[in-house]
Amino acid sequence: MEACGRGHTSEKYKKVRGVALISVLVMGVMIAIVIGGLYYILTRTMLTGERVRVYTSTREAAVGGVNYAILQIRSGLFDTMDQLGCPAGSGWTPANPDQTCCTANLNYRLSGTTQNFTNRITICLRGYIPPPGEAITGVAYSRPQPGGRGYIYSIISEADGPQGSRSRVEAVWMR
């Protein structure tokens, strides 16, 4: 056969190329399994892939609406509600003329059904109180601190269910 210099022949490299091909295929399968596992975790465990949440009861959907509202408040979306009203472009619309209340409608489904139902969530800015442990500044003691700390919100979640049923959960949240 032909020599590739110093006693190396092309026959030796055919074996190496075969091992490289198999190792690339094995690594490809392993990477596909990892990506599939991440996709499963994100869509099933953390429920990020679902556009319509699934609950077991109308009551659970109403509680889920309150939890959703709390997440929105904690993210800082309503920190400027006292000055600017409802957050623009976020799906929240004014519920009253002075824009101290905002509403949003979330769709949900009950497990075992295919029909979608509506959960109406209302967040109202009710006032301000200095959080415990915060220094009180100013004369009137009613000046909000930056970052929305001390705002008091009322949250009302009304979930419509099958056969005209409705569940209502009310909560008060202070940030």
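Before assigning anything to an element, I noted that helices (H or I, at least four residues) and strands (E, at least two) are DSSP runs, numbered from the N terminus. This is a predicted model, in which local features need pLDDT of at least 70 and side-chain atom pairs count only at pLDDT 80 or more, while totals for chains, interfaces and linings use all residues. Residues are numbered from 1 along each chain as its sequence is written, and side-chain values use heavy atoms, with hydrogens and water left out.

**Entry 1: the pocket**

I worked on a 1 Å grid over the protein atoms alone, where a pocket is an open set of points with protein on both sides within 12 Å along at least five of seven lines, and where lining residues have an atom within 4 Å of a point. The largest pocket came out at a volume of about 250 Å³, a volume being the space filled by probe spheres set on the points.

I then asked which residues lie nearest the centre of the largest pocket. They are R53, Y55, G64, Y68 and L106, out of 12 lining residues. At least two lining residues come from each of β1 (53–55), α2 (58–74) and β3 (101–110), and α2 gives the most, with five residues.

By class I recorded six nonpolar, four polar and two charged residues in this lining; Ala, Val, Leu, Ile, Met, Phe, Trp, Tyr, Cys and Pro count as nonpolar, Asp, Glu, Lys and Arg as charged, and the others, Gly among them, as polar.

**Entry 2: the disulfides**

Taking a disulfide as a pair of cysteine sulfur atoms within 2.5 Å, I counted two disulfides.

One of them joins C86 to C102, with an S to S distance of 2.0 Å. This pair links distant parts of the chain, 16 residues apart, with C86 in the loop between α3 (81–84) and β2 (93–94) and C102 in strand β3. The torsion about the S-S bond of C86 and C102 is about -105°, so I noted this disulfide as left-handed. C86 and C102 are both buried, that is, under 20% relative accessible area (1.4 Å probe, protein chains only).

C101 is joined to C124, also by a disulfide, with S to S at 2.0 Å. Here C101 in strand β3 and C124 in strand β4 (residues 116–128) are 23 residues apart, and the pair links distant parts of the chain. Why is this disulfide right-handed? It is so because the torsion about the S-S bond of C101 and C124 is about 115°. For burial I wrote down a relative accessible area of 8% for C101 and of 4% for C124.

Counting bonded cysteines along the chain, I read the disulfide pattern as 1-3, 2-4.

Notes: 1 Å grid on protein atoms, 1.4 Å probe; cavity = no way out; pocket = protein on both sides within 12 Å on 5 of 7 lines; lining within 4 Å. Buried < 20%, exposed > 50% of the residue type's maximum accessible area, 1.4 Å probe, protein only.
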